[in-house]
Amino acid sequence: HPSMKPYIFGERKGVHVIDLKETLHCLAGALEFVSQVVTQGGTILFIGMKEQIRGKVKEVGDSASMPYVNVKWIGGTITNWQIIKRQILKLKKAREEKEKSEWAKYTKKEQVLLQRNLDKLENFYAGIASLEKMHDALFIIDCKESKTAIREAHVKNIPIIALCDTNVDVRKIAYPIPANDDAVRSLQLLLDAINATILQARAQKN
């Protein structure tokens, strides 16, 4: 994408090579912003739905006590938050009923349907079940796959931190981090950096 030109080192055999100096510079700015959000008691929503990185997104979300979406972005998660909140409440209620063995009064067939519904809710909303209010920022791994989330964030003026590959319109991202969004090791490294920053900022705050 033309907007990524300042972050490109050069071209080799038709492949654009990202300037790692720019990556380091942008990462420093992004981490500073993350630290500010956490110090102020804010919440960052992690979004990473690529199959090869889903587990890492969950791991970092759990470690940093931050919400995450790693399976599918549900349209309206930002713009129709009240509807999403009702789904989260359904998830919590279903969990509670199962834990208290309240399903025992139902037939086996009914219990199977209840479990199926719980599994569906877990799949889509487990990562954001801890959210009590709208998050303060997004951290996105794949901008192309998360275009709906980006659009919704712009509607609500929520700042976005994102890994930006060479085909991304960087003008839509407040804190871009130029990087290959298909390289699993680099994704893991950047997620670990964000996680460490969150934990450090929280420790200093306390």
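Start by selecting Leu-131, which sits in the loop between α4 (108-125) and β5; helices (H or I, at least four residues) and strands (E, at least two) are DSSP runs, numbered from the N terminus. Before going on: this is a predicted model, where local features need pLDDT of at least 70 and side-chain atom pairs count only at pLDDT 80 or more, while totals for chains, interfaces and linings use all residues. Residues are numbered from 1 along each chain as its sequence is written, and side-chain values use heavy atoms, with hydrogens and water left out.

Is Leu-131 buried or exposed? It counts as buried, because its relative accessibility is 5%; buried means under 20% relative accessible area, exposed over 50% and partly exposed in between, with a 1.4 Å probe and protein chains only. Show what Leu-131 touches, not counting residues up to four places away in sequence: Thr-43, Pro-67 and Trp-81. Contact here means heavy atoms within 4.5 Å.

Next, follow the chain into β5 (residues 137-140). Both faces of this strand are covered, with Ala-137 and Phe-139 buried on one side and Leu-138 and Ile-140 buried on the other. On to the neighbours: β3 (residues 44-47) runs parallel to β5, joined to it by four bridges, and Ile-44 has Ala-137 as its bridge partner. β6 is also parallel to β5, with three bridges between them; look for Phe-139 opposite Ile-161. Two strands pair if DSSP finds at least two bridges between them.

Select helix α5 (residues 147-155) as well, and you have a right-handed β-α-β unit made of β5, α5 and β6. Right-handed means that, with the strands pointing away from the viewer, the path from the first strand over the helix to the second runs clockwise.

Zoom out to the open sheet: five strands, in the order β4-β3-β5-β6-β7, with parallel pairing. β4 (68-69) and β7 (175-178) are at the edges with a single partner strand each, so one side of each has no neighbour in the sheet. Helix α1 (residues 20-39) packs on this sheet and touches β3, β5, β6 (160-164) and β7; its direction makes about 145° with that of β7. For that angle, axes are lines fitted to C-alpha atoms, for helices over the stretch in contact, and angles run from 0 to 180 degrees between N-to-C directions.

Stay on α1 and colour its buried residues, among them Cys-26, Leu-31, Phe-33 and Val-38. Seen down the axis, the buried residues fall within an arc of 165°, so they line one face of the helix; the arc is that of the directions from the helix axis to the C-beta atoms. They pack against β2 (15-18), β3, β5, β6, β7 and α6. After α1 comes Gly-41, with a positive phi near 80°.

Last stop: Asn-195 in helix α6 (residues 184-205). Asn-195 counts as buried, because its relative accessibility is 11%. Leaving aside neighbours within four places in sequence, Asn-195 is in contact with Val-60, Ser-63 and Ala-64.
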